[in-house]
Amino acid sequence: MIPQSFIEELKLSADIESVVSSYVQLRRRGRILTGLCPFHSEKTGSFTVYPESQSFYCFGCGAGGDVIGFIRRIENLEYVEAVKLLAQRCGMTVPEDAAEDRTAKLKTAVLEMNREAAHFYFERLLSPEGKPALDYLLGRGLTPRTVKHFGLGYAPAGWTGLTDLLAKKGYKYEDMEVACLARRGKKGNYYDVFRDRVMFPIIDLRGNVIGFGGRKMTGDGPKYYNSPDTPVFKKTKNLFALNFAKKQKLDNLILCEGYMDVIAMHQAGFTQAVASLGTSLTADQCRLAASYVDEAILAYDSDEAGQKATKRAIGLLDEAGIRSRVLTIEGAKDPDEFIKKYGGARFKRLIEGSAGAVEYELSKIGGKYQTDTPEGKIDALREAVNLLAEMKNPLEREVWAAKVAADYGTTKEGVLAQVQGKLRRRAKSEERRSVSAANVSRADVNVVPEKARNPAAAAAEERLIGALFRHPECAKDVLLKISGEDFVCALYRRFFGKITEAVSAGNELSLSLFGEDFTLEEQNAAAKILGAARENRYSAEDAVSAAAAMRRLKEKKSDDEIAALSGSDLTEYIDKMRREKRNK
């Protein structure tokens, strides 16, 4: 275990406002700071940082905790790894006796093996064995400088070149398999996953090689093969070349489909180009992009699949709060080919003239139908109305409704009437599907299952914990009147245990108490309780009344228990309830 004293010292050095600001654009509102949550898509900021308590909470998705919890989520790290990252940022050294679990050690080993693999592939590319691969890259118009800048390489055609190298350096075959650098054969032997492929290292924002993409040179297998998810790599949460792009002063990002598109753009001077990693663009990738820019230019292939990907990406970017523009690439199938044929200057003009997402979608709708016929015009108008109904801003809808009306020879009022009808039908449908806000949320049920059946007891326990945090000076008195056995909810009993330990040791009460021994979901529950305590301004008297309510609810019997009581016991119980009611 990492000593609690070190954790408290670390939190003093790693100011949460400074740490969060390096990932989220925050705005000050009095004594708090707010911004768009990096953990779910939203357009109105519900993410709140509380500098006084060195904590954060999102009123949209329920994520919350201290600065360590924030780093765990944003960097996808285990507890000890998050502590180490923060300590490194603050120039502190984690005590040597700190526990390092198997997961943390394995992640370190995977990153080291990936770095070794990247060096191996690069050296092979420059060897006689890699000449065909190097000729391929140079033939695609890349310069030696670009090849070196991106660390491109070649995985030789042999079966055990990399695994033999890693084994000689002391790495375990089982760990190579976890890293997806090696695979175990039917006879138990291990062999290289990537063979006879041009290699594209995938590098995260901290400069770590976290995975690879490989393009086959000869033989069977998929044209491109990408590392699957590993302990250090989640393909849906990273963007290729963002480590380079973020070093620039960004006005926007250019989103591409493939590695070669990105590399060709960087070589031509468009260093804001990035790409998703072997998957369609994801919501997580859009939220990551939103940490750096508020506009994205979609430069997907011009074929049908590229157009479908563009439409899907527009929706995801909009959800993440990113404006989008779309490149119409004519005379080439993708950006790489366009730059080769026409050069970077013309590609720059293409970017400058790119259409906004709505204009792009409307042009696609107009091209689908024969709008010189009544039937075609009606079909186009119907689809355009659906598009306008997706817009959140009424003024934006009105402006585009005027354009749609002019394009199809109708009135703006008529178009808007159709849009409003669509919105009313949608609202009724959503209302039927909605669940009452008074019901216990699914997240609460998952982490505090007792809450659904015992809402009153859970509310009293939450009030007690929140009040103790606001008024730790009354903790010792309360602890004399109540114990962990009085808790109905197992998680809140564990919270209370940590509070008891801290009070007994004379330590400060803070969210860091709920660190290494608790999951992120359990930390969310703690942050939610503390947020409610802050909003409701719990007093010391609230702690006392909550403790009394817990004892009273514990003594109150259920209907089944009452039915099982004998005559004298039932009479005694009824008299007791009457006395308590008179004393209220």
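Leu 253 stands opposite Ala 296 in S14, and in this predicted model strand S14 (residues 295-298) is joined by 3 bridges to strand S12 (residues 253-256), the two running parallel. Both strands belong to an open sheet of 5 strands with mixed pairing.

- The strands of the open sheet follow the order S13-S12-S14-S15-S16, and its edges are formed by strand S13 (273-275) and strand S16 (355-356), each of which pairs on one side only.
- Strands of a sheet pair through backbone hydrogen bonds, and this pairing can be either parallel or antiparallel.
- Helix H11 (residues 259-267) lies across S12 and S13, and its direction makes an angle of about 170° with S13.

**Helix H16 against helix H17**

- Two packed helices are described by the distance between their axes and by the angle between those axes.
- For helix H16 (residues 357-368) and helix H17 (residues 374-389), the axes come within 9 Å and cross at roughly 160°; because angles over 145 degrees count as roughly antiparallel, H16 is roughly antiparallel to H17.
- H16 passes H17 in a right-handed crossing, with Val 358, Glu 361, Leu 362, Ile 365 and Lys 368 of H16 making the contact with Ala 380, Glu 383, Ala 384 and Leu 387 of H17.
- Sorted by class, this contact of H16 with H17 has 6 nonpolar residues and 3 charged residues, with no polar ones.

**Helix H16 against helix H13**

- The axes of helix H13 (residues 304-319) and H16 come within 11 Å and cross at roughly 140°, and H13 and H16 are therefore oblique to each other.
- The crossing of H13 and H16 is left-handed, and in it Gln 307, Thr 310, Lys 311 and Ile 314 of H13 meet Ala 357, Tyr 360, Glu 361 and Lys 364 of H16.
- The residues in the contact of H13 with H16 divide into 3 nonpolar, 2 polar and 3 charged.
- Glu 361 of H16 is listed in the contact with H17 and also in the contact with H13.

**Salt bridges**

- The count of salt bridges in the model comes to 22, and one of them is formed by the side chains of Lys 11 and Asp 66, with an N to O distance of 3.7 Å.
- This pair links distant parts of the chain, since Lys 11 lies in helix H1 (residues 4-13) and Asp 66 in strand S5 (residues 64-66), with the two 55 residues apart.

Notes:
Residues are numbered from 1 along each chain as its sequence is written. This is a predicted model: local features need pLDDT of at least 70, side-chain atom pairs count only at pLDDT 80 or more; totals for chains, interfaces and linings use all residues. Side-chain values use heavy atoms; hydrogens and water are left out. Axes are lines fitted to C-alpha atoms, for helices over the stretch in contact, and angles run from 0 to 180 degrees between N-to-C directions. Helices (H or I, at least four residues) and strands (E, at least two) are DSSP runs, numbered from the N terminus. Angles under 35 degrees count as roughly parallel, over 145 as roughly antiparallel, 65 to 115 as roughly perpendicular and the rest as oblique. A crossing is left-handed if the near helix is turned anticlockwise from the far one by less than a right angle, and right-handed if clockwise. Contact means heavy atoms within 4.5 Å. Ala, Val, Leu, Ile, Met, Phe, Trp, Tyr, Cys and Pro count as nonpolar, Asp, Glu, Lys and Arg as charged, and the others, Gly among them, as polar. Two strands pair if DSSP finds at least two bridges between them. A salt bridge is a side-chain nitrogen of Lys or Arg within 4 Å of a carboxyl oxygen of Asp or Glu.
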